[in-house]
Amino acid sequence: MNAQQKAMLASYGRSFLAAVTATFMATGGDLFALDADTAKAILASGIAAILPVALRYINKQDPMFGRIAEVVATEGMKKLTKKAPAKKAVVKKSAK
């Protein structure tokens with residue numbers, strides 16, 4: 001599993017967990033009084049939360065998770081590791 005896939009799964013997890021927690025708390029937050037309708041609402045909110053990340057993966061032009069993400073990351077690393085040209089020393093003339 002490469003770094004891009006790990007980042008995508010982490011994003012899925014954060015989105016899912018945040019939506020499920022928010023819906024659970026909004027419905028009363030009682031784990032022992034959980035009925036089928038509340039469970040469906042919680043699950044539906046979790047699925048709805050991961051849709052944006054899935055859409056980013058499907059979008060070929062998305063630079064983070066899209067299909068060109070690896071190319072963008074490779075090009076970015078090339079630019080970061082490219083050495084800057086050495087600067088010439090500037091000699092200042094002293095005032096007489």
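How many helices and how many strands does the chain have? The chain has three helices and zero strands. Along the sequence, the pattern reads α-α-α. Helices (H or I, at least four residues) and strands (E, at least two) are DSSP runs, numbered from the N terminus.

This is a predicted model: local features need pLDDT of at least 70, side-chain atom pairs count only at pLDDT 80 or more, and totals for chains, interfaces and linings use all residues. Residues are numbered from 1 along each chain as its sequence is written, and side-chain values use heavy atoms, leaving out hydrogens and water.

Take the whole chain next. Its accessible surface comes to about 8,000 Å², by the Shrake-Rupley method with a 1.4 Å probe, where for residues only the protein chains shown count as cover. Carbon and sulfur atoms hold 66% of that surface. Of the 96 residues, 16% count as buried. Buried means under 20% relative accessible area, exposed over 50%, and partly exposed in between (1.4 Å probe, protein chains only). Among contacts (heavy atoms within 4.5 Å) with a separation of 6 or more, 47% join residues 24 or more positions apart.

Now look at helix α1, residues 3–26, where threonine 23 lies. Threonine 23 counts as buried because its relative accessibility is 18%. Leaving aside residues up to four places away in sequence, threonine 23 touches Ala41, Ile42 and Ser45.

Helix α2, residues 36–58, holds leucine 43. Why does leucine 43 count as partly exposed? Its relative accessible area is 46%.
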